[in-house]
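These are my notebook entries on one protein chain. I set down what I looked up, entry by entry.

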Amino acid sequence: MKLSVPSLVYAVQNNMAFLALSNLDAAVYQVTYQLKIPCTALCTVLMLNRTLSKLQWISVFMLCGGVTLVQWKPAQATKVMVEQNPLLGFGAIAIAVLCSGFAGVYFEKVLKSSDTSLWVRNIQMYLSGIVVTLVGVYLSDGAEIKEKGFFYGYTYYVWFVIFLASVGGLYTSVVVKYTDNIMKGFSAAAAIVLSTIASVMLFGLQITLTFALGTLLVCVSIYFYGLPRQDTTSIQQGETASKERASGV
């Protein structure tokens, strides 16, 4: 039952993201959706009683800006006129951002607050997630599934992508278990940069100035966030001792 909570929240998040994208320009959606990174940091502080240094907060927002620049694509004119509701779009993106931060940190809290195996926790969450998504699939495409079957269109490439996504999900759980959700955000940002570089080599994608600047921000933010905190305990003890000696004199 504990793990059904993030499954439901993730389902709400995905649907809100689609709703937001259908009511906002792609560029606006792209920028606002990256607010899930500082939202995750805020949930980590509130729900897990952790503290972040000023430099770590700066690196979190720097990562947010870097990911936005890396994924930035100039708006293109289109002949298709779509009626959009910006107020509905911003409301949906706000819910999606909050759901993303809450679900990730909640899952981390469940993982680290019990001795249950990581793999058992994954099975529990994915089983409830399968139930939720199956209901959505049959509500939206039930007629086509009855006609063509559930696995219609599943080629070897599709199965391979499913396998990669499954391994990525399990690996993400390991990252959350032994680090935290903020570090997961940093690793996801690094993955975006690496996948874009792979697209350059495989598909001839051209590097833009915004991508180069975004990559630089991502790399710098990862370095800043990983810097060890300054331990001021010994300094404070030294100052206390010197004050005691001075008062004694």
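Is Gln56 buried or exposed? I found a relative accessibility of 9%, so Gln56 counts as buried (buried means under 20% relative accessible area, exposed over 50%, partly exposed in between, with a 1.4 Å probe and protein chains only).

**Entry 1: the basis.** I note that this is a predicted model, in which local features need pLDDT of at least 70 and side-chain atom pairs count only at pLDDT 80 or more, while totals for chains, interfaces and linings use all residues. Residues are numbered from 1 along each chain as its sequence is written, and side-chain values use heavy atoms, with hydrogens and water left out.

**Entry 2: the whole chain.** I looked up the secondary structure and found 10 helices and zero strands. Helices (H or I, at least four residues) and strands (E, at least two) are DSSP runs, numbered from the N terminus. Of the 249 residues in the chain, 31% are buried. I also looked up contacts, meaning heavy atoms within 4.5 Å. Among those between residues at least 6 apart in sequence, 82% join residues at least 24 apart.

**Entry 3: Gln56 again.** I located Gln56 in helix H4. Its C-alpha is 8.2 Å from that of Gly226, although 170 residues separate Gln56 and Gly226 in sequence.

**Entry 4: H3 and H4.** Helix H3 covers residues 36–48 and helix H4 residues 54–70; I read a packing angle of about 155° and axes 8 Å apart. Axes are lines fitted to C-alpha atoms, for helices over the stretch in contact, and angles run from 0 to 180 degrees between N-to-C directions. H3 and H4 are therefore roughly antiparallel to each other (angles under 35 degrees count as roughly parallel, over 145 as roughly antiparallel, 65 to 115 as roughly perpendicular and the rest as oblique). On the H3 side I listed Ile37, Pro38, Ala41, Leu42 and Val45, which meet Trp57, Val60, Phe61, Leu63, Cys64 and Val67 in H4. The residues of this contact divide into 11 nonpolar, no polar and no charged. Ala, Val, Leu, Ile, Met, Phe, Trp, Tyr, Cys and Pro count as nonpolar, Asp, Glu, Lys and Arg as charged, and the others, Gly among them, as polar.

**Entry 5: two loop residues.** I found Gln34 in the loop between helix H2 (26–33) and H3. Gln34 counts as buried because its relative accessibility is 6%. Leaving aside neighbours within four places in sequence, Gln34 is in contact with Cys64, Val67, Thr68 and Gln71. Asn49 lies in the loop between H3 and H4, and at 67% relative accessibility Asn49 counts as exposed. Phi of Asn49 is near 55°, a positive value in a residue other than glycine. Most residues other than glycine have a negative phi.

**Entry 6: H5 and H6.** Helix H5 (residues 86–112) and helix H6 (residues 118–148) pack at about 140°, with their axes 10 Å apart. That angle makes H5 oblique to H6. I listed Phe107, Val110 and Leu111 in H5, which meet Leu118, Arg121, Asn122 and Met125 in H6. The residues of the contact of H5 with H6 divide into five nonpolar, one polar and one charged.

**Entry 7: one record.** In the unreviewed UniProt entry, "transmembrane region" is listed for several spans, including residues 55–72 and 151–174. Such annotations may be inferred rather than shown by experiment. In the model, residues 55–72 are 89% helix and 0% strand, with end C-alpha atoms 25 Å apart. Residues 151–174 are 79% helix and 0% strand, with end C-alpha atoms 30 Å apart.
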